[in-house]
Amino acid sequence: MPHPISRRRLLQGAGVSSLAFFAVHGSPLTAHAARTSLRAVYHMTPPTGWLCDPQRPVVTRGAYQLYYLHSTQNNGPGGWDHATTTDGVAFTHHGTVMPLQPDFPVWSGSAVVDTANTAGYGAGAVIALATQPTDGIRKYQEQYLYWSTDGGFTFTRRPDPVIVNTDGRTASTPAEIENAEWFRDPKIHWDTARGEWVCVIGRARYAAFYTSSNLIDWHLKRNFDYPNHALGGIECPDLFEMTANDGTRHWVLGASMDAYSIGLPMTYAYWMGTWNGDEFIAYDLTPQWLDWGWDWYAAVTWPAVDAPETKRLAIAWMNNWKYAARDVPTDATDGYNGQNSIVRELRLERQPGGWYSLLSSPVSTLSDYVSATTTLGDRTVDGSLVLPWNGRAYELELDISWDTATNVGVSVGRSADGTRHTNIGKYGAEIYVDRAPSDLTGYSLAPYTRAAAPIDASARSVHLRIFVDTQSVEVFVNAGHTVLSQQVHFTDGDTGISLYTDGGPASFTGITIRQLRSIG
């Protein structure tokens, strides 16, 4: 059996080939579970098959055009599928726009609307750059141009790559080949100040920058290197400009990275800085992180139509390459694998120490999908307390305050007997989400169960917005400086909520549960 062409020869840190994973499946669900749908209620999922990296949306025909990697087999070769949304919550699927061809899958990239007709395909044409392996050879990962004149619903590909992998053409040693096999995920941005396009491409130890006047002829500029290579290689880079709350303008370079080996996330890292037409210069070479959970990878951001300079939207693949190449419960119940996160709104704010950070909040249009709201009275808890409410898809918002307690939090997805649940709490200098008690036989996520983000150890209060769906939990902390996103394999009976403390009492106030209806 030939080895499938995959972006990744090995799953990072796993030490086994993706082909080997095709032969390893979780234990089948029971007949009862197989009859119960586990499809996400208010998250974007594919109609069938495997969903992977989202591609940055563009706006045409009065809607956001979102593309995503899709395959008919888990972690298999595929192409770009297409969906549209007007509100960032409900998506309409339109099928494949860049299909798989023999030994020529389409991997991640980005699209832009060429309003000035710089590429010559017409004003308003949608131009996309996507990584593909020329001649089916991994070390020839190169960037191909696709164009669309109908708003991004159909595309035509130029026959030859517009950005050639020169490293791949000369690579012969193992180190050279390894470097050449990481040349992917082009992200394009229009540099208004200089009247040209800028493209950033992910590499194993740096980000490569190119510029072009026409999206076809590209010129290599200076690379962006970061001294701590333990952060991992750069995948799905992001590049944009944004105006902060104090009116200043900044460039942002983002990347999906695997910093697990040094106790940092495997999500979206970003650097604030400037672009001078030749190189990206970071204010600080230590990146910030947009999510601290296990499952917010390959994220893309794009300007909101109502405030394009000061607000961006973001969406990510809720998965992790430590365990992505496997069957999941929804394969058996609903015939699909993978979901995207909820869309979040990003704003750039100056912090008291003088640096700038991206703050996150759930997209406001989620409120349009609230089907019922329950407000519960304040509770003082010393130990644990089960709330009189059950549900599978909802937002839970509340405040927790305490004095002497050492551990405070909320359990969601609680089974009737209390043996299954996912804990969200504050302990010491950490805010955490622990899905270990929700682990499911045959689909275990261990040892990647407890994720934690830093928080002031002296804090004695916290505000939480917790979004629970049939297979996920996303937690927004305080003003949005911290978010933790995780897939969780809830079963159909995991519907309860409880509050808990250790080492003393805590007050749980403003408890509001918003049940969310299906977007399907």
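Two strands pair if DSSP finds at least two bridges between them. Strands are DSSP runs of E with at least two residues, numbered from the N terminus. The model is predicted: local features need pLDDT of at least 70, side-chain atom pairs count only at pLDDT 80 or more, and totals for chains, interfaces and linings use all residues. Residues are numbered from 1 along each chain as its sequence is written, and side-chain values use heavy atoms, without hydrogens and water.

**Sheet.** Four strands form an open sheet in the order S19-S20-S22-S23, with antiparallel pairing. S19 and strand S23 (356-362) are at the edges with a single partner strand each, so one side of each has no neighbour in the sheet. Strand S22 (residues 344-350) pairs with S23 in the antiparallel sense over seven bridges. Arg347 stands opposite Leu359 in S23.

**Pocket.** A pocket is an open set of points on a 1 Å grid over the protein atoms alone, where a 1.4 Å probe fits, with protein on both sides within 12 Å along at least five of seven lines; lining residues have an atom within 4 Å of a point. The largest pocket holds about 680 Å³ of space. Its lining has 25 residues, and Val112, His189, Trp190, Pro303 and Arg312 are the closest to its centre. Strands giving two or more residues to this lining include S1 (49-60) and S19 (297-303).

| Lining class | Count |
|---|---|
| Nonpolar | 15 residues |
| Polar | four residues |

**Annotated span.** UniProt lists residues 384-514 as "domain: Glycosyl hydrolase family 32 C-terminal" in an unreviewed entry. This span is 0% helix and 59% strand, and its end C-alpha atoms lie 22 Å apart.

Note on methods. Grid points are joined across faces, edges and corners, and a volume is the space filled by probe spheres set on the points. Ala, Val, Leu, Ile, Met, Phe, Trp, Tyr, Cys and Pro count as nonpolar, Asp, Glu, Lys and Arg as charged, and the others, Gly among them, as polar. UniProt positions are given in the numbering used here, feature names are shortened, and annotations may be inferred rather than shown by experiment.
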